[in-house]
Amino acid sequence: MNDDRPVLLETRGTCLHLTLNRPRALNALSHTMVRLLDEALSRAERDESIGSVLLSGAGDRGLCAGGDIRALHDDARASGRSSLEFWRDEYRLNARIARFPKPYVALMDGIVMGGGVGVSAHSRIRVVTERSRVAMPETAIGFVPDVGGTRLLASAPGELGTHLALTGRSVGAADAVLCGLADHHVPAHLLPDLIEALGEPAGQDASVAGIVQRFATEAPAGELEAQRDWIDSCYAADSVEEILRQLRESGVPAAEAAADELLTKSPLALKVTLAAVRRAARLDSLEAVLDQEFRVSSRAFEHPDFVEGVRARIIDKDNEPQWKPGSLAEVDDQEVARFFAPLGPGEQELGLAPGPTHTPVDEGQAG
């Protein structure tokens, strides 16, 4: 009989194994799942018999494809507010994972996108496989990278994170490690053995990191290292328009393809995303970045591009979103700045970081 609980908990030895259990939905996160994960980590933190935590996804297609986009879309269409409470709890969970005092191992096998990155890439030990595809694809649906993703991308070498944030492209195992989104590559067929080893009483004297290292191998070759020259050069620009110009003028076919790809994204989301990544690089903690992302998500949720993007990409799948505004030239810098302003009366800040996290828009950094 199948267990239909959305999060499965199993303790083996001193390891608490958490399994995201919505395989038909690629283990997309619901609010209930976020709460269950938070409760489980809270108990594990206090339980002296638990030495480590392991996170995996049910099925063989992926750890987690992100948040439940259809539910968020329906809430936005109905002018609801429940999505904001979902993000509030989700971002708090992301911060808890990053500060979790015991080894937390995330198996980032298969598809790991959006919210899936949030529950895995902030952990202490991050494992990818040859099947991994890791991405923050929000600009394609008129949204902006969140779940601490702007901090992760801002910390990637050179301008790799800016490239991934704006295009929303997915990366494989080697590139995930290169970008600082993962630590180790373990072949997918060895994951059952790794899970067993982490739960074996005989292995409890060994460090969790050491156990994972025993199974780690070199990842299949990636693509980004060979593209660093044009990525670092073109994406260092201070505006999306200038990035596009440099991509076009680079003479590199891959750069021109990236420019074509950017033109399919929400112009407003592109400009806000660039500003968000640049700002995240200047903030001093994940908590401060999550506070900023909550403001941005709150504003993006209210904007028609989000509903339209989900409709075009996920619901109707016509891939013909009608963005508003429809071009980069029409996006006003003041509108971009509004996404980062403190929330208004009747709106509650996330408030993870002590003191204010709002920073003024530097000239040229609005996107």
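Which helix gives the most to the lining of the second largest pocket? The analysis rests on a predicted model, in which local features need pLDDT of at least 70 and side-chain atom pairs count only at pLDDT 80 or more, while totals for chains, interfaces and linings use all residues. Residues are numbered from 1 along each chain as its sequence is written, and side-chain values use heavy atoms, with hydrogens and water left out.

Helix 7 gives the most to that lining, with 3 residues. Helices (DSSP runs of H or I, at least four residues) and strands (E, at least two) are numbered from the N terminus. A pocket is an open set of points on a 1 Å grid over the protein atoms alone, with protein on both sides within 12 Å along at least five of seven lines; a cavity is a set where a 1.4 Å probe fits but cannot get out, and lining residues have an atom within 4 Å of a point. The second largest pocket holds about 230 Å³ of space, a volume being the space filled by probe spheres set on points joined across faces, edges and corners. Its lining comprises 18 residues, with Arg 133, Val 171, Gly 172, Asp 175 and Glu 223 closest to the centre. Both helix 6 (160-167) and helix 7 (173-178) supply at least two lining residues.

At least two lining residues come from each of helix 2 (69-77), helix 3 (82-99), strand 6 (111-113) and helix 15 (304-315).

Two cavities of 30 Å³ or more are present. The largest has about 50 Å³ of space and is lined by Val 117, Val 134, Ala 135, Met 136, Leu 153, Leu 164, Arg 169 and Leu 181. The second largest cavity has about 40 Å³; its lining includes Gly 142, Phe 143, Ser 266, His 303 and Phe 339.

Leu 37 is in contact (heavy atoms within 4.5 Å) with Val 7, Leu 18, Leu 20, Leu 29, Leu 55, Leu 93 and Val 119, residues up to four places away in sequence not being counted.
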